[in-house]
Amino acid sequence: MKTKKIFLLTLLLIISICGFSQSRYISATTKKIVFTRDGGVCQCCGSSYRLEYDHITPFSCGGSSSPSNIQLLCMKCNRSKSNSCVCKIHSRTVGTNCCNGKTTKKATTTSTQCTGTTKKGARCKKKTSNSSGRCHLH
Amino acid sequence: MNTELLFAVDTNTKEVIVSESPKGTNKVNFIERISYNDNEILYNAVVTLTSITKATNFDASAFKSMDKVCQMLYGKYKE
């Protein structure tokens, strides 16, 4: 029972250190602070209708959900910005540290069967993601 | 309470902007604008709330207290 508790506490500590607990969720207090701070208007075009909360440094690029990284944008400007730094409608920079559409998550690579042949003359069964189409042995 | 009431001031038109945001979403729904002449106390309270958010040393407890005052004043205004 005691070892189970220690294991769970260690796991919790590792998760908090690695930052896996970072959430996209914007808390109620953050929403209130940002709305009041930004004057209830879009920070790009000044509209006060159809507003949304936006991550200044995109969440997909590692941006947090703290008030300093959240801003108010109208729906049009937010869609135009997406996870870049620029609102294409108004040609204004409304973000920082953008990864230009590339997420911080590991990209998936497609692997194919090696085109090389073994010493016995059979087709190699190893999978490879090399552009040459051959595995490290061939 | 599935929504959060949000307050801001438009100093150009001297109006309080009242909106709401449903919990768990990033959307904001506009409710109304209240002019300084309609409710002077609410306007001044939201001005104070704005100054708290823009202060260099942000005081979270002061913000929460002032936000409660604004909600109470808005509730009275709607009665």
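A salt bridge here is a side-chain nitrogen of Lys or Arg within 4 Å of a carboxyl oxygen of Asp or Glu. This is a predicted model, where local features need pLDDT of at least 70, side-chain atom pairs count only at pLDDT 80 or more, and totals for chains, interfaces and linings use all residues. Residues are numbered from 1 along each chain as its sequence is written, chains are lettered from A in the order in which they are written, and side-chain values use heavy atoms, with hydrogens and water left out.

By that rule, there are 8 salt bridges over all chains. I will go through some of them.

One of them is between B:D67 and A:K32, with the closest N and O atoms 3.1 Å apart. This pair crosses between chains, running from helix 2 (residues 60-78) of chain B to helix 2 (residues 28-37) of chain A. Helices (H or I, at least four residues) and strands (E, at least two) are DSSP runs, numbered from the N terminus. Both B:D67 and A:K32 are buried. Buried means under 20% relative accessible area, exposed over 50%, partly exposed in between (1.4 Å probe, protein chains only).

Next, B:K27 and A:E52 form a salt bridge at 2.9 Å, N to O. B:K27 lies in strand 3 (residues 27-35) of chain B and A:E52 in strand 1 (residues 51-55) of chain A, so this pair joins two chains. B:K27 is partly exposed at 36%, whereas A:E52 is buried at 1%.

Last, B:R33 bridges to B:D10 at 3.2 Å between the closest N and O atoms. B:R33 is in strand 3 and B:D10 in strand 1 (residues 3-10) of chain B, 23 residues apart. Salt bridges with shared partners join B:D10, B:E15 and B:R33 into one network.
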